[in-house]
Amino acid sequence: CTCIRGALVLALVYAAGDLRYVLRVPKGAIVNEAKRVANALHGCNACIHRAGIYVRDIGPSGPVFLHNLTCGIAAPCAEVTKLRELAEDLAEQACQSCQQHELVVVTDATYAPVREGKCAATGEEYGHWTVHPAACSTSEAATRYSKLARYYGQMDVRLAKLTVPEALASVNIMLEEQPHLERPEHYAACLR
């Protein structure tokens with residue numbers, strides 16, 4: 001597979017306490033295009049599979065796939081440049097749409113290693129594309145999140161609504177009315 005030579009530049013990931021994560025965009029036409037481009041380069045099944053997944057991952061500074069190309073490192077060929085462009089296009093589309101993104105916890109095992117598999121004829125290890133995150137979640141944080149993961153999809157819509165200015169006005173009204181409720185202490189923690 002095609003290597004990207006140069007200094008390793010780690011891709012930034014989101015952080016919340018000791019949890020590290022990326023947002024994964026839902027599959028779409030760009031994912032199929034990324035697989036097509038990866039297939040055209042070498043036809044490596046591992047690289048095709050990885051391109052279809054990793055092209056969808058977004059960190060705080062944009063796509064994490066082929067992040068080295070944002071730091072002055074030259075792409076070895078047009079296909080690699082095209083894959084990075086597809087990742088950037090997908091990230092831009094994701095920012096403009098209201099699609100729900102999957103929260104992917106970044107651990108040591110989230111992204112497959114560069115070296116994986118061996119050539120039967122030569123015994124040489126294959127090298128594939130991967131993502132090198134700047135940080136990974138602790139195992140404790142990943143375990144805690146896994147217990148809450150099923151609630152994420154239910155809560156994100158509700159939490160997102162709180163960022164709308166009208167919602168903030170509603171919360172202020174609730175705060176004003178809280179002392180008049182039958183059990184005001186019951187709602188105190190929710191409204192803080």
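Student: Which residue stands opposite L23 in β5?
Tutor: L23 stands opposite L103 in β5. Strands here are DSSP runs (E, at least two residues) and helices are DSSP runs too (H or I, at least four), both numbered from the N terminus. As for the source, this is a predicted model, in which local features need pLDDT of at least 70 and side-chain atom pairs count only at pLDDT 80 or more, while totals for chains, interfaces and linings use all residues. Residues are numbered from 1 along each chain as its sequence is written, and side-chain values use heavy atoms, with hydrogens and water left out.

Student: In what sense do β2 and β5 pair, and over how many bridges?
Tutor: They pair in the antiparallel sense, over four bridges. Two strands count as paired if DSSP finds at least two bridges between them.

Student: And which residue is the bridge partner of R24 in β3?
Tutor: That partner is D57. Strand β3 (residues 57–59) runs antiparallel to β2, and two bridges join them.

Student: What about β1, how many bridges join it to β2?
Tutor: Three bridges join strand β1 (residues 14–16) to β2, and these strands are antiparallel as well. A15 has R20 in β2 as its bridge partner. The hairpin of β1 and β2 has two residues between the strands, and G17 takes a positive phi near 65° there.

Student: Why is β2 largely enclosed by the rest of the structure?
Tutor: Strand β2 (residues 19–24) is largely enclosed because five of its six residues are buried. Buried means under 20% relative accessible area, exposed means over 50%, and partly exposed lies in between (1.4 Å probe, protein chains only).

Student: Changing topic: how many aromatic pairs does the structure hold?
Tutor: The structure holds three. Rings of Phe, Tyr and Trp (its six-membered ring) pair if their centres lie within 6.5 Å; planes under 30 degrees apart count as stacked, over 60 as edge-to-face and the rest as tilted. Y14 and Y21 are stacked, because their ring centres are 5.3 Å apart and their planes are at 20°. Y14 is partly exposed at 24% relative accessible area, whereas Y21 is buried at 17%. The rings of Y54 and Y111 are edge-to-face, with centres 4.9 Å apart and planes at 75°.

Student: Which parts does the pair of Y54 and Y111 tie together?
Tutor: Y54 lies in helix α2 (residues 45–54) and Y111 in the loop between β5 (102–105) and β6 (115–118), so the pair ties together parts that are 57 residues apart in sequence. Both Y54 and Y111 are buried. Ring pairs also link Y54, F65 and Y111 into a cluster.
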